[in-house]
Amino acid sequence: LGVGRTTAPGRLLRNDADGEMYRAKLLELFNASGNENALKWPPWDGAWGPDWSREQTITALRWLKDQGLYGRGHVMVWPVWRNLPKSIQDLRETNPDAIPGRVLEHIREIGAATRDVVDEWDVLNEPRTNHDLMDLFGRGIMLDWFRCAREVVPGKDLYINDFGILNGGGPGTSVHETYKDTIRFLLDNRAPVD
């Protein structure tokens, strides 16, 4: 059974007493880890400033892997304008037809870069409340994301991440039913959702 904790690469890699304590407690208490924000598209592209870099993220993920922690990647696609990079937001007005291809390029790039240091991926984040790309291109675009992810990270489990599924009232609530409906749509259309 995995007991996990998200980590922040900058904190994990600190070369001081706080960094040493952080790493020691992480190894003492957990056997799995995901990242807090570093694999989200804007910080991955460097939009959050110099404290966020691909190199730092890969180094942190490599450290986790070398320590034997099971690693979860979060997230390939967060399909809401405010959480997409500015370059994608700008295409909304200038060339929306280019967006699907750019999203697939991102999935291929981040999947290939992390293939050896991430054990499973959240391909899709919070589609119940964050569905701008599905509104623009239709629900079928989610199938493309999962199929692309399967191609680039074969053998890795692929997931949907969402919130409030159980603590939002559980089975029978609109939150729960919407989540089930999305998963059913993906599976019925042979998307590789694990």
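## Polar surroundings of Lys 40

In this predicted model, a polar atom of the Lys 40 side chain lies 3.5 Å from the backbone oxygen of Glu 36. The Lys 40 side chain also makes a polar contact with the side chain of Asn 37, at 2.7 Å.

Lys 40 is buried, yet no salt bridge is formed by this residue. The nearest side chain of opposite charge belongs to Glu 126, 7.2 Å away; a salt bridge would require a side-chain nitrogen of Lys or Arg within 4 Å of a carboxyl oxygen of Asp or Glu.

## Position and contacts of Lys 40

Lys 40 is located in the loop that lies between strand 2 and helix 3 (41-44). When neighbours within four places in sequence are left aside, Lys 40 is in contact with His 74, Val 75 and Trp 78.

The model contains an open sheet of 5 strands, with parallel pairing and the order 1-2-3-4-5. From one strand to the next, the twist averages 30°.

Strand 1 runs parallel to strand 2 (residues 32-35), and 4 bridges join the two.

## Helix packing

Helix 8 (residues 141-152) packs on the sheet, where it touches strand 3 (70-77), strand 4 (120-125) and strand 5. The direction of helix 8 makes about 165° with that of strand 4.

Methods
Residues numbered from 1 in each chain as written. Predicted model: local features only at pLDDT ≥ 70, side-chain atom pairs only at ≥ 80, totals over all residues. Heavy atoms only, no water. Pairing = 2+ DSSP bridges. Axes fitted to C-alpha atoms, helices over the stretch in contact; angles between N-to-C directions. Contact = heavy atoms within 4.5 Å. Buried < 20%, exposed > 50% of the residue type's maximum accessible area, 1.4 Å probe, protein only. Lys, Arg positive; Asp, Glu negative; His and termini not counted. Polar contact = N/O pair within 3.5 Å; in protein donor to acceptor, adjacent residues only side chain to side chain.
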